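Please keep the structure in view while reading.

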Amino acid sequence: TQYPQVANLINQISQEYNFPFPKIGIIPDNNPTAFTYGSGRFNARIILTEGIFHFLNPEEINSVVAHELGHIVNRDFVIMMIASTLIQILYEIYSFLLRSTKKNQKSSARNKNREGIIVVIALISYFFYQICLYLLLYLSRVREYFADEFASKKTSAKSLANALIKISYGIVTVPDEES
């Protein structure tokens, strides 16, 4: 009720892409920030700070909200969760194997060969973990570009660009609040 243009945009896009109207949260902070989270379209949430409404005009606010809706439409949080989980599994393999070699300190030649193989597998797992971390960062950037593209198609590329500049400026100029 407080921001009807935002509610109309959310309603229009959620109906067009067939997902329920996401829950909206507003954080009482003047730092302009927006993000989306959830485990699927069915329980997505869009969080905005009051700073978004302070620094941006209505068209720019719609662009920021459309960007967040782009994350919901593209199921970005699901994609990122799966990718992060797979990477975490590599790290867990590395960690488990390294701990298991430290627990078994028997000194037979057979155990030394076995431990050597386990350490090599652990190091290979860690190597792939490190590479995959960079791939995850790249995937994150790609998902942001897709959300930007979605927002520019649903609103205005110029409004989105202006909003991003104002958000950057707002983050720098607004001091962090002490808790």
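**Salt bridges and nonpolar cores**

Glu-149 is partly exposed, with a relative accessible area of 39%; on this scale buried means under 20% relative accessible area, exposed over 50%, and partly exposed in between (1.4 Å probe, protein chains only). The model is a predicted one, in which local features need pLDDT of at least 70 and side-chain atom pairs count only at pLDDT 80 or more, while totals for chains, interfaces and linings use all residues. Residues are numbered from 1 along each chain as its sequence is written, and side-chain values use heavy atoms, with hydrogens and water left out.

Glu-149 forms a salt bridge with Lys-153, with 3.4 Å between the closest N and O atoms; the term denotes a side-chain nitrogen of Lys or Arg within 4 Å of a carboxyl oxygen of Asp or Glu. Both residues belong to helix α5 and stand 4 residues apart, about one turn of the helix. Helices (H or I, at least four residues) and strands (E, at least two) are DSSP runs, numbered from the N terminus. Lys-153 is exposed, at a relative accessible area of 63%.

The structure contains 4 salt bridges. In one of these, the side chains of Lys-154 and Glu-16 meet at 2.8 Å, N to O. Because Lys-154 lies in helix α5 (residues 109-154) and Glu-16 in helix α1 (residues 4-16), this pair ties together parts that are 138 residues apart in sequence.

Another salt bridge joins the side chains of Lys-166 and Glu-60 (2.9 Å, N to O). Here too distant parts of the chain are linked, with Lys-166 in helix α6 (residues 157-173) and Glu-60 in helix α3 (residues 58-73), 106 residues apart. Lys-166 is partly exposed at 30% relative accessibility, whereas Glu-60 is buried at 3%.

Attention now turns to the interior. A nonpolar core is a set of buried Ala, Val, Leu, Ile, Met, Phe, Trp, Tyr and Cys residues joined through side-chain atoms within 4.5 Å. The largest such core has 25 residues, of which Ile-13, Leu-56, Ile-61, Val-65, Leu-69 and Ile-72 touch the most other members. Two or more residues each come from α1, β3 (45-49), α2 (50-55), α3, α5 and α6, and α3 gives the largest share, 7 residues. Leaving aside residues up to four places away in sequence, Val-65 touches Val-6, Leu-9, Ile-10 and Leu-48, where contact means heavy atoms within 4.5 Å. Apart from this core lies another, of 5 residues, including Met-80, Ala-83, Tyr-129 and Leu-136.
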